[in-house]
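Q: Could you walk me through reading a structure like this, one feature at a time?

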Amino acid sequence: MSDTDIAPGATLAGHCADAHVPRTLVHKAADREVLLSAVRPLTEDRFAVWGRWPHDHLLHHRDADGRRDSLVVVETMRQAGICLSHRFHGVPADHAFVLHGFDFHLDAPLHDRGDGADILFDMTVRRVPGNPRRFRLASDADILLDGRSVGRASMRWDALPPAHYALVRSRSAAAAAPFDVTDPVVEARALSPATVGRDREDAVMLAALDGTSAEWHLRPDTGHPALFDHESDHIPGMVLIEAFRQAALVRAGQDAPGAWAVNSMQASFLSFGEFGQPVTVTAEPDGPNSYLLAARQGPRTLATALAAGGTTSPLGRLIARTGSAAC
């Protein structure tokens with residue numbers, strides 16, 4: 001076995017899931033939000049990234065049966081891309097990261113031990129050919145749980161110097177449509193936490209719009225300690241992804257009652273979302289257990305995604321196969 005191979009059940013000498021990389025390397029304000037324990041280069045572009053997935057994280061928690069929310073893969077990839085960009089690809093600390101898109105697919109639900117020590121991403125990060133003064137990067141990862149591959153993920157992003165980022169943001173803000181403060185969607189009723197698979201009201205991203213079951217108003221609560229760990233001048237991409245997860249979950253509950261979870265998603269980010277202006281989230285079926293999702297602000301599409309999943313409980317799987325029973 002060569003030094004670049006990762007053996008089944010691979011560990012790192014001295015590795016401890018309670019330890020974590022410096023929060024500044026993943027652009028987090030609180031230590032509790034850091035999902036990386038350690039990184040190690042294997043080749044010039046290939047890295048071993050050990051996870052740190054707390055048992056009781058506000059969003060990426062484990063259910064009673066040990067199943068982990070699949071979006072932990074997205075946030076882990078996002079943090080790993082930032083960390084590896086800074087440490088091994090020469091991206092300065094003051095650069096802003098702009099996510100263009102990501103894909104992930106899990107072969108089976110994640111069942112980790114609850115401390116993250118059994119999670120490892122075998123990850124490549126490469127500069128995309130083009131302007132040598134521009135940091136455009138892409139990554140791919142094999143997700144290992146106790147040394148066994150359980151899925152794949154990829155991501156694409158830019159790292160922009162402050163002046164360039166400020167220019168991009170000013171153009172985006174100027175293109176945003178003016179907001180009419182009398183717009184009635186501001187008064188839309190928030191869904192219940194249980195409906196969207198959460199246990200806190202500030203984690204609910206969707207509010208119901210009258211007369212529709214496939215369209216919602218986005219209601220980001222900037223006080224949520226995980227979704228808004230630090231200040232942002234736009235609606236964070238992970239907020240939109242969480243809204244997509246919730247929208248797919250609601251639609252799946254309407255289409256096939258029973259526990260349901262996302263096991264794959266392909267997402268693209270197209271525009272910055274501005275605070276203080278209404279955002280509409282939509283979800284339409286795209287085959288069995290698959291949904292096309294979009295977030296729009298006025299005439300602009302902020303992000304799109306295709307999410308797929310399935311029932312996760314024996315009762316849910318039975319109902320999905322046979323149809324709901326009349327009592």
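A: Start with how residues get sorted: Ala, Val, Leu, Ile, Met, Phe, Trp, Tyr, Cys and Pro count as nonpolar, Asp, Glu, Lys and Arg as charged, and the others, Gly among them, as polar. Keep in mind that this is a predicted model. With that sorting, the lining of the second largest pocket splits into 8 nonpolar, 7 polar and 8 charged residues.

Q: Which residues lie nearest the centre of the second largest pocket?

A: Arg67, Arg68, Trp260, Ala261 and Val262, out of 23 lining residues. The pocket's volume is about 410 Å³, and β12 gives the largest share of the lining, 4 residues.

Q: How does the lining of the largest pocket divide?

A: Into 24 nonpolar, 14 polar and 11 charged residues. The largest pocket has a volume of about 1100 Å³, and Phe97, Val98, His234, Pro236 and Gly237 lie nearest its centre. Among the elements that give two or more residues to its lining are α1 and α3.

Q: Is α1 largely enclosed or open, and why?

A: Burial here means under 20% relative accessible area. In α1, 15 of the 17 residues are buried, so the helix is largely enclosed by the rest of the structure. Helix α1 covers residues 72-88 and reaches 23 Å, close to the 24 Å expected.

Q: Which residues touch the most other members of the largest nonpolar core?

A: In general, nonpolar side chains in soluble globular proteins tend to be buried together. Here the largest core has 80 residues, and Val73, Phe102 and Phe104 touch the most other members. Helix α3 brings the largest share, 11 residues. Val73's contacts include Phe104, Leu106 and Ile143.

Definitions and conventions: Residues numbered from 1 in each chain as written. Predicted model: local features only at pLDDT ≥ 70, side-chain atom pairs only at ≥ 80, totals over all residues. Heavy atoms only, no water. Expected span 1.5 Å × (residues − 1). Buried < 20%, exposed > 50% of the residue type's maximum accessible area, 1.4 Å probe, protein only. Core = buried A, V, L, I, M, F, W, Y, C linked by side-chain atoms within 4.5 Å. Contact = heavy atoms within 4.5 Å. 1 Å grid on protein atoms, 1.4 Å probe; cavity = no way out; pocket = protein on both sides within 12 Å on 5 of 7 lines; lining within 4 Å. Points joined across faces, edges and corners; volume = space filled by probe spheres on them. Lists of a residue's contacts leave out its neighbours within four places in sequence.
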